[in-house]
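Trainee: I would like a close look at one part of this model. Please take me through it step by step.

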2 protein chains.
Amino acid sequence: MNKHIAILGISCTKFGELWNQSLTDLIAQAQFQALDDAQLLLKDLNALFVGNMCGELFSGQSHLGALATDILGVNIPGTRIEAACASGGMALSCAINSILSGQSDVVMVTGVEKMTDVDPAYAATALMGASSFDHEHMSGATFPALFALVTRLYEKRYGLLPEDRAQVSVQNHINGLTNPNAHIHKKIIINDVLKSPTVASPLTLLDCSPMSDGAACIILSSQDFAQKHKRDGIAIVGHASATDTLALGQRESLTEFKATQLASQCAYKQAGITPDMLDIVELHDAFSTAQIIALEDLALCPRGHAGKSSTRQIINPSGGLKSRGHPVGATGVVQVVELVRQLRNNAGPYQVHNARIGLAHNMGGVGTTVTVYIIRSL
Amino acid sequence: MNKHIAILGISCTKFGELWNQSLTDLIAQAQFQALDDAQLLLKDLNALFVGNMCGELFSGQSHLGALATDILGVNIPGTRIEAACASGGMALSCAINSILSGQSDVVMVTGVEKMTDVDPAYAATALMGASSFDHEHMSGATFPALFALVTRLYEKRYGLLPEDRAQVSVQNHINGLTNPNAHIHKKIIINDVLKSPTVASPLTLLDCSPMSDGAACIILSSQDFAQKHKRDGIAIVGHASATDTLALGQRESLTEFKATQLASQCAYKQAGITPDMLDIVELHDAFSTAQIIALEDLALCPRGHAGKSSTRQIINPSGGLKSRGHPVGATGVVQVVELVRQLRNNAGPYQVHNARIGLAHNMGGVGTTVTVYIIRSL
């Protein structure tokens with residue numbers, strides 16, 4: 001990537017069980033707040049991208065690109081991107097291409113999911129659409145079950161203890177305590193994780209991120225536009241995505257995710273940085289094991305050590321998916337929103353001292369689609 | 001748009017009730033045939049975009065971007081685009097941006113829909129996700145019902161006769177007779193249309209396009225890549241998309257579609273042509289009335305006259321949605337495939353003499369999302 005992409009505006013709604021807000025309400029709230037934050041007018045927008053996984057399944061509503069432009073009352077192109085839990089990250093990628101192609105100066109990216117209006121068992125089945133229907137869904141697997149397989153293998157190969165794994169959730173819950181938008185504000189200890197109900201052995205309830213409602217929004221622009229409006233302080237300086245097989249049975253290894261490795265190596269190179277230069281990371285801890293593997297695939301810990309060692313970087317200062325919540329389509333977008341808050345020195349009680357370079361890691365399926373963004377203050 | 005986008009390869013499967021082919025089978029067939037047609041290797045591809053509306057609803061499978069890269073056995077970014085019946089057209093738009101941004105040299109775009117494995121009533125309800133859930137779905141409307149409202153109003157305003165409307169279906173069925181991939185090979189006469197069962201008065205069964213299974217695929221590249229490989233014969237020289245409100249109740253007019261007008265005006269300007277310079281048009285005749293309104297919005301007929309007058313351009317030489325079939329996510333892609341066949345002088349029994357410039361018009365919802373592509377021989 002030759003040119004940086006400026007981030008002009010950010011927003012996110014409260015995450016949680018928001019039974020008084022519809023899918024449309026969440027999109028509207030996030031979009032108008034982001035416009036306010038960016039100090040832009042509707043006429044400044046050239047295109048809009050929406051990251052969403054389950055609109056048709058959970059709310060009877062497809063066509064969310066047009067819904068989102070309709071909410072704003074504009075006729076610009078609106079596109080819905082679906083890449084399972086990486087829908088937000090991939091929407092951001094399409095938005096960046098729209099700017100770099102010269103088609104757009106200013107683009108809005110909205111991530112949204114409304115998950116708690118349906119039966120949780122139905123939702124769990126619907127989310128299996130992210131995996132291979134033929135090979136995994138039809139065998140009766142659920143997402144926690146697939147991550148349980150990965151966890152068992154990782155434990156055996158690297159000697160990970162249940163207590164080490166539990167510590168991931170404990171720390172993310174501590175981080176989320178002071179994030180006002182987080183879904184879950186609850187201090188937990190290692191024994192809480194170990195003693196919580198088993199979802200798919202060895203994973204317990206507190207190893208798993210919750211189903212949440214919520215939306216987040218980002219307004220991006222070309223560097224030219226940002227410089228002209230003196231808003232070029234924070235930029236995306238590296239971005240990449242990669243895919244791997246849907247079915248775990250087709251992989252060479254289940255204790256590392258190739259897509260994260262490919263995407264992060266490419267993003268580091270674009271940004272011209274090494275992993276040790278990062279200050280903060282928002283990564284995809286859909287399950288505690290996912291965080292451990294991500295730390296290794298992102299080259300922040302040596303292979304097999306992420307469960308025991310700590311990193312120089314602050315990981316998931318916002319609370320991560322575990323505590324902040326995981327409205328699927330919103331996750332890839334809110335990760336970048338959280339990094340920008342930190343880089344603006346505007347994260348209030350959860351501000352990380354002197355944060356200048358951050359990385360966002362968003363994952364769909366069990367390591368199937370991965371996006372990586374590197375953001376920095378210029 | 002400063003640079004053209006070259007079209008290196010095309011393919012499409014048979015359209016129809018393909019009970020022996022799964023969603024995965026259709027994607028695989030289209031993708032490998034397009035690679036053959038383009039004479040490219042897997043390693044030449046930099047990114048992949050999939051247009052699909054209902055994978056999760058009809059096949060339990062989301063995450064089709066990664067499914068499509070998985071089928072090829074590559075780790076490149078794969079993105080699923082959903083914009084109701086304009087999913088294919090919008091996928092093409094994201095693919096073009098990926099090339100113009102400099103992120104990719106060669107990109108694959110696959111459109112696919114597997115519609116006939118589910119109960120038709122369930123499918124009709126699912127397709128209502130393209131409209132406004134709050135305002136239209138909850139009022140009990142179906143898509144034929146919404147187009148029936150538009151038809152009644154158009155009839156009243158412009159004196160359209162049922163016979164004029166029926167002629168649209170008659171001609172599209174004639175065109176499709178010699179297209180080997182078409183879903184429906186059946187000559188019909190005006191009286192057949194008028195006497196077929198009413199779906200939503202005044203629209204009869206033969207005013208409506210069928211539900212089909214099918215896939216289509218296009219391989220695009222930068223002009224630089226195409227010139228280097230001496231494959232720069234056919235290019236996309238204009239492209240644009242626009243949106244309008246989801247709910248019809250919010251529109252200024254129901255007898256014309258603003259999104260088609262905005263997108264086509266922009267595409268004509270980019271291509272540096274006027275509508276009369278077009279030789280062939282593949283347009284979105286989901287309902288007979290939709291074709292009549294599209295002809296006027298594309299400035300091929302004066303307002304109110306498209307039901308009575310004929311055009312210089314050959315409209316839907318492939319049979320259109322009515323006869324070729326309408327596997328929703330594939331439609332926007334196959335329209336371009338059909339134009340390329342004509343421009344290559346390779347359309348066999350349905351070849352249009354001397355076709356040099358073509359337009360593809362893809363629509364999602366009742367005029368809610370519209371994409372327009374202008375393709376020409378260079």
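Through which surface do the copies, chain A and chain B, meet?

Mentor: Start with a caution: this is a predicted model. Now to your question. The copies meet through the same surface, because 100% of the interface residues of chain A are also interface residues in chain B. The contact takes 56 residues from chain A and 56 residues from chain B.

Now the area. About 4000 Å² is buried between chain A and chain B. Carbon and sulfur atoms give 50% of that. Three residues deserve a click: A:His63, A:Asn75 and A:Glu82. Together they supply 18% of the area that chain A buries against chain B, more than any other three residues.

Between chain A and chain B the count is 2 salt bridges. One of them joins A:Arg80 to B:Glu82. The closest N and O atoms of that pair are 2.8 Å apart.

Which elements of chain A build its side of the contact? Several each supply at least two residues of the side that touches chain B. The helices are H2 (55-59), H3 (64-72), H4 (87-100) and H10 (258-271). The strands are S3 (78-82) and S8 (234-243).

Now go to the cores. The largest nonpolar core has 124 residues. A:Phe147, A:Ile374, B:Phe147 and B:Ile374 touch the most other members of that core. Take B:Phe147 as a worked case. Leave aside its neighbours within four places in sequence. B:Phe147 is then in contact with B:Leu203, B:Phe257, B:Phe287, B:Ala290, B:Met363 and B:Val366. There is also a second, separate core, of 78 residues. Its members include A:Ala86, B:Ala86, B:Leu92 and B:Val109.

From A:Phe147, step across to A:Pro202. The two lie 55 residues apart along the chain, yet their C-alpha atoms are separated by 9.5 Å. A:Pro202 is found in the loop between strand S5 (198-200) and strand S6 (203-204) of chain A. A:Pro202 counts as buried because its relative accessible area is 17%, and the cut-off is under 20%. Beyond its neighbours within four places in sequence, A:Pro202 is in contact with A:Ala148, A:Thr151, A:Arg152, A:Glu155, A:Arg165 and A:Asp207.

Look at the backbone there. A cis peptide bond joins A:Ser201 and A:Pro202, with omega about 10 degrees. In chain B, the bond from B:Ser201 to B:Pro202 is cis too, with omega near 10 degrees. B:Pro202 sits in the loop between strand S5 (198-200) and strand S6 (203-204) of chain B. Why stop at these bonds? Most peptide bonds are trans.

Stay in chain B and pick up B:Glu155. B:Glu155 lies in helix H6 (residues 143-158). B:Glu155 counts as buried, because its relative accessibility is 17%. Its side chain makes a polar contact with the side chain of B:Arg165, at 2.8 Å. Setting aside neighbours within four places in sequence, B:Glu155 is in contact with B:Leu160, B:Arg165 and B:Pro202.

Most residues other than glycine have a negative phi. A:Gln39 has a positive one, near 55 degrees. A:Gln39 is found in the loop between helix H1 (23-38) and strand S2 (47-51) of chain A. With a relative accessible area of 65%, A:Gln39 is exposed. B:Asn354 also has a positive phi, near 65 degrees. B:Asn354 lies in the loop between helix H13 (328-343) and strand S11 (357-364) of chain B. B:Asn354 is exposed, with a relative accessible area of 57%.

Notes:
Residues numbered from 1 in each chain as written. Chains lettered and ligands numbered in written order. Predicted model: local features only at pLDDT ≥ 70, side-chain atom pairs only at ≥ 80, totals over all residues. Heavy atoms only, no water. Helix = DSSP H or I, 4+ residues; strand = E, 2+ residues; numbered from the N terminus. Buried < 20%, exposed > 50% of the residue type's maximum accessible area, 1.4 Å probe, protein only. Polar contact = N/O pair within 3.5 Å; in protein donor to acceptor, adjacent residues only side chain to side chain. Contact = heavy atoms within 4.5 Å. Core = buried A, V, L, I, M, F, W, Y, C linked by side-chain atoms within 4.5 Å. Buried area = accessible area lost by both parts, 1.4 Å probe. Salt bridge = Lys/Arg side-chain N within 4 Å of Asp/Glu carboxyl O.
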